[in-house]
Amino acid sequence: ATYAVVARAGEEALDLAGCQDAIAAPDRTPVAAPGDPRRIVYGVDGCPGGWAVVAVSASGPLAPRIERLEALDALVASGATIAIDIPIGLPEETVGPGRPAEQAVRPLLGARQSSVFSIPGRAAIFAPTYAEACELALRTSSPPRKVSQQSFHIFSKIRELDRLVTQHNQDAVFEAHAELAFWRLNGDKPMATAKRVKNVPAGEGLAERIALLVRHGMPEAFFRPPRPVGVPLVDLVDAAALALIARRCAAGIAQPFPDPPAVDARGLRCAIWA
């Protein structure tokens, strides 16, 4: 609340009246200068009804924390570095199995490549019903391809992020992918076990990934209960891996796939970073 008031201060006055909402319900997103080593970066993964968000320090000890957000507006507006497992940069048409970004990362993931969904054209993603999405995807893909029910269920999250990311803030918001994140953390090798089997979280795969995250500095206790209501363990694990990629993005060492990134009709980068 103090930061909100100071940020809106004029030369001679504090705008208390104009900051009433911020005083009553302050934005709790940490604020720090871009060069401050104490600044916070975020890994974001979709979870039922919202977003699983893991915050870590940009350098030094991770000091992770987890929270569940219903919307991303405030987090994106904060200007913090974010790595999120949601497509950024939507094609008008697709040629082959998805965007160049999906095609670039699949060969790296071996048996885990099925986790990389093909993203259809923008019109299909903004379609109100599954039937219309399939019809529009068929019209805007070569060879013609419908969309899966699983993909359709994340379209609302793609639309939410597409509304928030612009040419002006895209240097802080990076598309990532959990399995590519684990590939990078695992010495550029795909994980040996599946995280989900028939769309059900798999204990062996989660244990393998938690062990890898612990080796990278995440406290083992971070993955034990309690955790925020509505954040399954699998989404916490993915968001933690994405937070480590956000660190790489903030440090300028993350690699885009493809390199250089493609660009969509809105001028947004189309790449998955790791």
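Q: Why is F222 called buried?
A: F222 has 13% relative accessibility. Buried means under 20% relative accessible area, exposed over 50%, and partly exposed in between (1.4 Å probe, protein chains only). F222 therefore counts as buried.

Q: What kind of model do these values come from?
A: This is a predicted model, where local features need pLDDT of at least 70 and side-chain atom pairs count only at pLDDT 80 or more, while totals for chains, interfaces and linings use all residues. Residues are numbered from 1 along each chain as its sequence is written, and side-chain values use heavy atoms, leaving out hydrogens and water.

Q: Which residues does F222 touch, leaving out those up to four places away in sequence?
A: Contact means heavy atoms within 4.5 Å. By that test F222 touches V54, P64, R65, I66, L236 and A240. P64 is 158 residues from F222 along the chain, yet their C-alpha atoms are separated by 7.6 Å. F222 itself sits in the loop between α10 and α11.

Q: What makes a stretch a helix or a strand, and how many of each are in the protein chain?
A: Both are DSSP runs, numbered from the N terminus: helices are H or I with at least four residues, strands are E with at least two. The protein chain has 11 helices and 11 strands. Of its 274 residues, 47% count as buried.

Q: How do you know how α10 and α11 cross?
A: Axes are lines fitted to C-alpha atoms, for helices over the stretch in contact, and angles run from 0 to 180 degrees between N-to-C directions. The axes of α10 (residues 203–215) and α11 (residues 233–251) come within 10 Å and cross at roughly 35°.

Q: What is the handedness of the crossing where α10 passes α11?
A: A crossing is left-handed if the near helix is turned anticlockwise from the far one by less than a right angle, and right-handed if clockwise. α10 passes α11 in a left-handed crossing.

Q: Which residues of α10 and α11 meet?
A: From α10 come L206, R209, I210 and L213. From α11 come L233, V234, V237, A240, A241 and L244. By class the contact holds 9 nonpolar, no polar and 1 charged residue. Here Ala, Val, Leu, Ile, Met, Phe, Trp, Tyr, Cys and Pro count as nonpolar, Asp, Glu, Lys and Arg as charged, and the others, Gly among them, as polar.

Q: How do α9 and α11 cross?
A: The axes of α9 (residues 178–185) and α11 come within 9 Å and cross at roughly 65°. That crossing is left-handed. A178, A181, F182, R184 and L185 in α9 meet V237, D238, A241, L242, L244, I245 and R248 in α11. The classes there are 9 nonpolar, no polar and 3 charged.

Q: What makes α9 count as mostly covered?
A: The count is 8 of its 8 residues buried. W183 and E179 are among them. The buried residues pack against α4 (100–105), α10, α11, β10 (256–263) and β11 (269–273).

Q: Why is D238 called buried?
A: D238, in helix α11, has 3% relative accessibility, so D238 counts as buried. Setting aside neighbours within four places in sequence, D238 is in contact with D45, A178, F182 and K195.

Q: Why are the buried residues of α6 said to line one face?
A: In α6 (residues 130–139), A133, C134 and A137 are buried. Seen down the helix axis, the buried residues fall within an arc of 100°, so they line one face. The arc is that of the directions from the helix axis to the C-beta atoms. On the other side of α6, A131 and R139 are exposed.

Q: Why does D188 count as partly exposed?
A: D188 has 36% relative accessibility, a value that counts as partly exposed. D188 lies in the loop between α9 and β8 (196–197). Its phi is near 60°, a positive value in a residue other than glycine.

Q: Why is N199 called exposed?
A: At 52% relative accessibility, N199 counts as exposed. N199 lies in the loop between β8 and β9 (200–201). Its phi is near 65°, again positive in a residue other than glycine.

Q: What is omega for the cis peptide bond that joins P225 and P226?
A: Omega is about 0° there. P226 is in the loop between α10 and α11. The bond from F257 to P258 is cis too, with omega near 0°, and P258 belongs to strand β10.
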